Amino acid sequence: MGPNSRVLVAEMLIHPPLGSARLKAAPAPLPANYGQASTFKGQHDMVMLSLFNAHERTPEEFEDIAGRAGLRIETIWECRAPLDLVELRLL
């Protein structure tokens, strides 16, 4: 990668119910993760746990993995769909 290169990753990030510093919180009185709107992601996370002993990542967990690869999260685009876009750049 060059100094101006970017990597875009389409990832199903889990928005924790209490919120994340990297994601925009829902307006009150909704839970920070928009409540019912995140049901599909939560169900997918449970399927991964039951079938593969794995789980979807929170933005903080994804940031840790990116850091170990020498990358940093520049931006997270929250899409109103199961997948979000994560822009990564060199540290």
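Entry 1, the sheet. I count two strands as paired if DSSP finds at least two bridges between them. The model I am reading is predicted. I looked up the order of the strands and found an open sheet of three, β1-β3-β2, with antiparallel pairing. The edge strands are β1 and β2, each of which pairs on one side only. As background, strands of a sheet pair through backbone hydrogen bonds, either parallel or antiparallel.

Entry 2, the pairs. I took β1 first. Strand β1 covers residues 7–11 and pairs with β3 over five bridges, in the antiparallel sense. Strand β2 covers residues 71–77 and pairs with β3 over six bridges, also antiparallel. A hairpin of six residues joins β2 to β3.

Which residue in β3 is the bridge partner of V9? I found V86. I then looked up I76, and its bridge partner in β3 is V86 as well. Strand β3 runs over residues 84–90 and is mostly covered, with five of its seven residues buried.

Helix α2, residues 59–68, lies across β1, β2 and β3. The helix runs at about 145 degrees to β2.

I placed E11 in strand β1, and its bridge partner in β3 is D84. Is E11 buried or exposed? E11 has a relative accessible area of 14%, and buried means under 20%, so E11 is buried. I listed its contacts, leaving out residues up to four places away in sequence: E56, R57, F62, P82, L83, D84 and V86. D84 is therefore on two of my lists, as a contact of E11 and as its bridge partner, while E11 itself counts as buried.

I looked up the largest pocket and noted a volume of about 270 Å³. Of the 14 residues that line this pocket, A37, K41, C79, R80 and A81 are the closest to its centre. How many residues of each class are in the lining? I found seven nonpolar, three polar and four charged residues. As background, rolling a probe the size of a water molecule over the atoms shows where empty space is left.

Notes
Residues are numbered from 1 along each chain as its sequence is written. This is a predicted model: local features need pLDDT of at least 70, side-chain atom pairs count only at pLDDT 80 or more; totals for chains, interfaces and linings use all residues. Side-chain values use heavy atoms; hydrogens and water are left out. On a 1 Å grid over the protein atoms alone, a cavity is a set of points where a 1.4 Å probe fits but cannot get out, and a pocket is an open set with protein on both sides within 12 Å along at least five of seven lines; lining residues have an atom within 4 Å of a point. Grid points are joined across faces, edges and corners, and a volume is the space filled by probe spheres set on the points. Ala, Val, Leu, Ile, Met, Phe, Trp, Tyr, Cys and Pro count as nonpolar, Asp, Glu, Lys and Arg as charged, and the others, Gly among them, as polar. Buried means under 20% relative accessible area, exposed over 50%, partly exposed in between (1.4 Å probe, protein chains only). Helices (H or I, at least four residues) and strands (E, at least two) are DSSP runs, numbered from the N terminus. Contact means heavy atoms within 4.5 Å. Axes are lines fitted to C-alpha atoms, for helices over the stretch in contact, and angles run from 0 to 180 degrees between N-to-C directions.
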